[in-house]
Amino acid sequence: MMNVERMSATFDEARFSDGLPQAEVNATIRRVYENGEHDVAPFAVTRARMLACALENVRLAVGRNDTFASVVERHYLDSRYGVGEIARIQGERAETVARRDFPEGFARTNSAWAEGRFFTQADLSHTSPDWDRILSLGIPGLLAEAEARHAANPTPFTESVIIACHAFHDFALRFASVCDREGRHDLATELSALAARPPETLHEALQLAILYWHVQETEGEWVRSFGIFDRQYLPFLERDLAAGRLTEESAEELLVAFFAFFHAESKGRDAGAPFCFGGYLPGEPLRDGCNRLTRLAWRAFRTLGTPSPKFSIRVNPDTPREILRFAAECIQEGKNAMVFANEPLVRKAMLRRGKAPADLANFIPIGCYEPAIMGKELSCTMQCVFNLSKPVEDLFADGAAAPATWEEAEERYFAALERDLREALAIARRWERAWNDINPSPMLSATMAECMERGLDVSQFGTKYATSGVVCAGLATAVDSLLAIRTMVFDRGMLSFDDFRAVLLADWEGREDLRQFALRRPPKWGCGDETADALARRICDLAADLIEKAQSAKPGGFQMGLWSIDWCIGIGSKMKATPDGRHAGTPVSKNSGANFGADAEGPAGVVESLSRLDHARFPDGAVLDVMLPPRTIAGEEGAEFLVNFVRTLFARGGQFVHFNSLSAGKLREAQRDPTKYRNLQVRLCGWNVRFVDLDRAHQDWIIREAEGSGA
Amino acid sequence: MKIPVAAIRRLTLHDGPGTRTTVFVKGCPLHCHWCHNPECLSARPQLLFHDNLCAGCGKCADVCSHGAHTSAPHAIDRSRRRLCGQCVEACWHGALEICGRDYTPEALLPLLLRDAAFYESGGGVTVSGGEPLLYAEAVARLFALLRGHGVRLVPSASGESAWKAAKCFVFGSAADAELTGDFDLSAISGARIKHLDNGNLELSVPGAFVVIVR
């Protein structure tokens with residue numbers, strides 16, 4: 001933990017020797033924005049000026065023992081928590097544009113979300129820059145390209161990119177001067193070099209990654225992937241090893257310091273910095289790309305054991321077993337900030353959506369587990385969040401006539417699903433068009449080759465591919481609820497439909513017996529039950545059909561995801577009781593898995609059910625959460641089991657999987673005595689957090705999951 | 001040719017190599033005090049009661065035509081229970097369960113092949129119990145069927161029925177089955193056994209069993 005502590009101290013005890021206080025930075029950015037409003041310059045140019053203003057004025061620090069120049073008083077500008085001026089302006093503009101361009105749709109998305117039905121947004125952040133270009137061109141290369149394009153065909157876009165690249169360049173030099181002032185001439189020399197040429201050493205490449213990360217996040221788009229780390233940074237490592245600048249040991253130490261930065265900067269309270277590993281290299285025949293840097297980076301990950309960074313690994317039949325085994329051993333130790341991706345399946349899903357085979361080697365999980373092509377895709381993976389279980393509630397709406405047969409109930413559910421989804425997608429399309437008005441992104445665009453060739457910002461869909469994700473949540477709640485209706489009302493005649501309505505309205509009050517029946521007896525999703533699985537398949541197929549065929553403002557269109565992250569809590573909090581035995585206000589089912597406690601056949605049953613869905617229809621991702629009691633995955637057998645589980649799930653068509661191994665007793669103890677469990681981390685959704693940092697609702701939710709697993 | 005089954009557990013890790021599915025049969029000629037699956041001692045179906053799930057609603061008593069259940073607090077008169085299943089059906093809380101159902105090898109086959117993909121890494125199917133070799137002929141048939149699908153097999157046997165197993169496994173249709181014994185060798189010696197298992201263990205052919213294994 002030494003590096004984390006050292007890095008944390010770097011941030012906590014930073015002595016800022018340059019830049020303006022928070023209020024002044026914010027006021028300056030606001031002035032630039034407001035002046036821009038009265039200016040003739042298009043908003044993209046104003047946005048670039050706001051970025052430049054932030055980078056010119058934000059306070060910087062470097063410590064005597066810092067490995068990298070990395071401390072930016074970033075939270076003053078932080079778009080993540082909505083406290084900075086750029087974030088405030090993003091929010092204001094989004095609302096202004098929406099009210100102006102689609103006031104009814106905007107009002108509807110708010111009212112639909114208030115009842116847990118769906119929400120839509122201009123998803124500004126779920127994309128990845130082109131790390132290959134950042135590392136190969138460096139700052140001057142990006143700037144030179146922008147200037148050449150501008151000279152050939154000057155447009156507001158090229159102007160905005162030039163301003164952004166200059167700001168990036170000046171930021172590096174400003175940091176260099178801070179380093180000089182603090183006596184860190186080594187870092188000052190390196191930063192000056194990075195302003196003048198691409199990186200040559202591993203240290204320089206990692207320093208550039210940190211700088212770029214600051215710049216893009218300041219611009220207002222989270223960096224949702226650091227690319228395919230082992231492939232992209234290997235040449236730097238090999239050069240350093242050959243030249244004797246690094247040994248494997250010192251390289252590993254360097255990586256520990258680099259990764260520690262991301263945890264120290266966020267204190268583990270954000271969604272984690274995502275790094276991808278392994279997978280097929282470009283070209284034919286297909287060869288897996290795991291290499292010595294994969295091993296070094298994973299060893300560094302294990303040494304650190306922090307919630308951030310988070311790792312993903314692209315798994316294919318050629319992935320070395322020892323790498324998977326190493327990952328499994330990390331999970332055994334509770335260092336489970338990782339997700340496994342089924343690379344062949346993702347490639348199939350991408351080919352189905354018209355992506356070129358040559359681009360597939362650059363597939364990366366965006367954010368948590370949303371596949372996209374690095375550097376070639378604007379992938380707004382959370383453009384819309386849709387609740388598959390809400391139309392069940394609609395069956396019981398006030399004034400709705402009771403269906404006479406199960407078939408009628410089922411058809412009404414599907415009709416309501418279609419109605420809601422069409423409505424959500426129509427509003428989502430309006431948001432797609434609005435991004436350019438809300439948040440042009442010149443820095444991010446500068447990294448994308450096609451944006452530069454076409455002279456279009458990412459927000460104008462200048463990338464080779466542009467897609468919008470529709471996150472479909474609550475599958476198990478929908479399936480189990482529908483089959484509870486079928487079993488209890490139509491098959492067994494236990495109560496009338498109207499009586500069921502009254503029971504649900506009363507949140508099962510006085511009818512615990514019925515609730516227990518609903519929880520235990522009807523067929524359930526996630527148990528390998530053919531009836532439940534067929535219904536799930538039908539729901540997913542209909543949703544995928546509607547989503548794929550919906551008119552989108554983007555060339556790549558909408559694409560379905562089968563996941564929820566922790567929206568299942570927010571959605572559930574707005575819903576009444578459901579026929580599957582769920583109480584009002586409690587979470588709906590999470591991601592693609594079974595309902596709490598409904599996985600009577602254990603993970604094998606869930607895998608069996610999932611194998612009956614076509615995961616290639618979920619190009620926006622689909623993830624299974626597996627919660628296992630610590631004793632199950634202990635020892636040699638446990639590690640082998642984890643590897644086999646991943647392999648088998650993927651052989652049976654699953655897309656992404658991640659693991660928690662927690663004991664409910666230990667979690668309760670951590671609730672009682674947080675100081676003793678400061679480092680206990682949990683895989684919350686697609687990211688890890690320290691358990692003690694969660695609010696009570698999230699803590700209870702995790703405990704319930706751990707209990708459901710028999711832990 | 002039937003096997004009385006208490007439970008089928010999927011993704012087991014401690015009943016042989018790799019990731020397995022384990023069939024727990026009912027019935028055992030031993031009655032060891034340390035048995036960790038006591039519901040598998042009797043070969044006959046049994047009514048299980050999960051005290052922690054009982055809501056005390058009394059529905060079981062209401063529906064029981066044999067007067068086997070009384071409520072407040074719940075109690076079962078086992079001399080009256082008939083395993084008709086009425087109480088289990090009435091108990092929506094899941095507190096009552098009938099343990100034990102007869103399967104033919106053919107009926108078990110598809111249930112055990114559901115997880116065949118998990119077996120590929122060296123796992124397979126274990127038949128445990130109870131004493132699976134009480135049903136050696138049926139288990140041998142099941143093994144033959146599973147081997148036809150390339151499934152690796154482990155009978156987890158007490159050794160009590162070793163000689164009968166020898167006839168089925170060495171000379172019978174499942175002759176190439178992997179056979180392991182679930183012995184506590186320290187216990188299988190001298191008078192201690194007589195004390196621990198009420199004296200009904202007659203391990204007459206332990207040497208023969210080892211021969212079978214190899």
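Colleague: Why does A:W508 count as buried?

Modeller: In this predicted model, A:W508 has 2% relative accessibility, and since buried means under 20%, A:W508 counts as buried. A:F500, at 0% relative accessibility, counts as buried by that cut-off too.

Colleague: What makes the pair of A:F500 and A:W508 edge-to-face?

Modeller: The ring centres of A:F500 and A:W508 lie 5.9 Å apart, and rings pair if their centres lie within 6.5 Å; their planes stand at 70 degrees, and planes over 60 degrees apart count as edge-to-face, so the pair is given that name.

Colleague: Why is the aromatic pair of A:F277 and A:F311 called tilted?

Modeller: The planes of A:F277 and A:F311 are 40 degrees apart, with 4.4 Å from centre to centre, and because planes under 30 degrees apart count as stacked and those over 60 as edge-to-face, with the rest tilted, this pair is tilted.

Colleague: Which parts of chain A does that pair tie together?

Modeller: A:F277 lies in strand β4 (residues 274-278) and A:F311 in strand β5 (residues 310-315), so the pair ties together parts that are 34 residues apart in sequence. Both A:F277 and A:F311 are buried.

Technical notes:
Residues are numbered from 1 along each chain as its sequence is written. Chains are lettered from A and ligands numbered from 1 in the order in which they are written. This is a predicted model: local features need pLDDT of at least 70, side-chain atom pairs count only at pLDDT 80 or more; totals for chains, interfaces and linings use all residues. Side-chain values use heavy atoms; hydrogens and water are left out. Rings of Phe, Tyr and Trp (its six-membered ring) pair if their centres lie within 6.5 Å; planes under 30 degrees apart count as stacked, over 60 as edge-to-face and the rest as tilted. Helices (H or I, at least four residues) and strands (E, at least two) are DSSP runs, numbered from the N terminus. Buried means under 20% relative accessible area, exposed over 50%, partly exposed in between (1.4 Å probe, protein chains only).
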